[in-house]
Amino acid sequence: MTGSRFVCEIDGSHSHGVFRVPGCRASLRSGAIDAGAEPVLDRVAPALLRVDACGGYAQPALARAVPTIRDMVAETGTATVALRDSHHFSALWPDLEPFTDAGLVALTVVSGGPTVTVRGASRNVFGTNPIAFGFPLAGARPVILDLATSTMSNGDLRIASNEGRKVPVGTSLGRDGRDTDDPAEILAHGGALPFGGHKGMALSLMVEVLASALTGGAFSHEMDFAAHPDNQTPKTGQFLLVVDPARGGNAGFAERAAGVDRLPSDRRYRHRDAAAERGIPVTDGIRALFA
Ligand code: NDP
């Protein structure tokens with residue numbers, strides 16, 4: 001699991017990078033996650049795969065499913081994957097790279113942890129519910145856009161809190177649903193707001209339906225951190241759709257998005273290239289975590 005933290009750090013996905021290693025360790029020690037779980041795959045239809053992570057992490061369960069998913073796409077042109085009883089703790093783009101690197105189009109969404117609020121709500125119901133979508137591009141590395149449906153990810157709030165930084169008023173709410181710029185208060189008593197008001201909330205609802213209702217995974221509001229106080233990794237469900245664009249009838253698919261100046265992934269790839277030459281910069285914040 002620590003390896004996944006370094007993968008994120010290499011790409012500059014700091015909100016899910018090495019600063020989370022101590023939390024990951026605490027989650028494993030809390031007993032909330034079964035690190036030795038053996039995922040179970042069940043191909044219930046030619047293009048539909050159920051994956052039961054059996055209380056473990058989502059990442060090894062998905063890794064085990066990748067060869068089956070590739071077979072399904074080769075046979076049918078598409079694969080829908082319903083992943084349940086899992087814990088997700090990372091950025092989503094690494095989940096899609098095995099498919100986008102193979103020239104496929106892929107979409108994934110994950111629910112988890114009631115950390116998002118809306119004005120006037122009596123309690124948090126949704127998580128930061130991320131959406132990632134990837135596709136191949138002619139003459140370039142694949143594009144993967146990957147975003148929380150909240151104004152800020154929980155990781156960015158935690159980093160701001162650790163570093164004693166304020167966050168912009170209007171991005172989150174604190175105690176009693178009041179505006180605040182204090183990330184510690186937001187994390188303890190409130191939550192981030194959905195991005196784009198009701199539109200972000202609507203997308204977050206879509207994530208809950210796809211990732212939890214459709215898969216049998218945990219809804220964000222079902223997460224009970226009190227059961228394992230040291231656990232920092234929410235129980236989740238995950239939905240994944242993989243499509244072979246060559247079967248879609250447009251031979252020029254990979255050329256269509258070329259020519260845009262700043263694509264999602266560009267920043268990550270810049271970080272990846274720099275890390276390949278110079279390694280990961282060890283900041284004072286990272287050094288303090290392992291002191
Ligand atoms: P960001 O707001 O940093 O970025 C969102 C997307 O927009 C990225 O694909 C980014 O590409 C792209 N982007 C940013 N700026 C531009 C621009 N100017 N032009 C074009 N594209 C742009 O992401 P979030 O803070 O919302 O999410 C961060 C991470 O947190 C995600 O990886 C997400 O999966 C993860 N997360 C995980 C959760 C979990 O439960 N496991 C929960 C919530 C979030 P680029 O990276 O190249 O900048």
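Predicted model: local features only at pLDDT ≥ 70, side-chain atom pairs only at ≥ 80, totals over all residues.
**Cysteines, aromatic rings and a pocket**

A search of the whole structure finds 0 disulfides.

**Cysteines**

- Cys8 takes part in no disulfide, and the nearest cysteine sulfur, which belongs to Cys24, is 10 Å away, whereas a disulfide would need the two sulfur atoms to be within 2.5 Å.
- Cys8 has a relative accessibility of 0% and therefore counts as buried.
- Cys24 is likewise in no disulfide, with the sulfur of Cys8 as its nearest cysteine sulfur at 10 Å, and Cys24 also counts as buried, because its relative accessibility is 6%.

**Aromatic pairs**

- Across the whole structure, 2 aromatic pairs are found.
- One of them joins Tyr57 and Phe89, whose ring centres are 4.8 Å apart and whose planes stand at 75°, so this pair is classed as edge-to-face.
- Because Tyr57 sits in the loop between β2 (48-52) and α3 (58-76), while Phe89 sits in the loop between β3 (78-87) and α4 (93-100), the pair ties together parts of the chain that are 32 residues apart in sequence.
- Tyr57 and Phe89 are both buried.
- Phe133 and Phe135 also form an aromatic pair, which is tilted, with 5.8 Å from centre to centre and 40° between the planes.
- Within this pair, Phe133 has a relative accessible area of 30% and so is partly exposed, whereas Phe135, with a relative accessible area of 13%, is buried.

**Arginines over rings**

- Arg141 lies over the face of Tyr269, at a distance of 4.3 Å from the ring centre.
- Arg268 is placed over the face of Trp93, and here the distance from the ring centre is 4.2 Å.

**The second largest pocket**

- Rolling a probe the size of a water molecule over the atoms shows where empty space is left.
- The second largest pocket has a volume of about 420 Å³, and its lining is made up of 20 residues, of which Glu9, His14, Pro281, Thr283 and Ile286 lie nearest the centre of the pocket.
- At least two lining residues of this pocket come from each of the helices α1 (2-10), α5 (154-162), α8 (266-278) and α9 (284-289), and α8 provides the largest share, with 5 residues.

Notes: Residues numbered from 1 in each chain as written. Heavy atoms only, no water. Phe/Tyr/Trp six-rings, centres within 6.5 Å; stacked < 30°, edge-to-face > 60°. Helix = DSSP H or I, 4+ residues; strand = E, 2+ residues; numbered from the N terminus. Buried < 20%, exposed > 50% of the residue type's maximum accessible area, 1.4 Å probe, protein only. Lys NZ or Arg CZ within 6 Å of the ring centre and 35° of its normal. 1 Å grid on protein atoms, 1.4 Å probe; cavity = no way out; pocket = protein on both sides within 12 Å on 5 of 7 lines; lining within 4 Å. Points joined across faces, edges and corners; volume = space filled by probe spheres on them.
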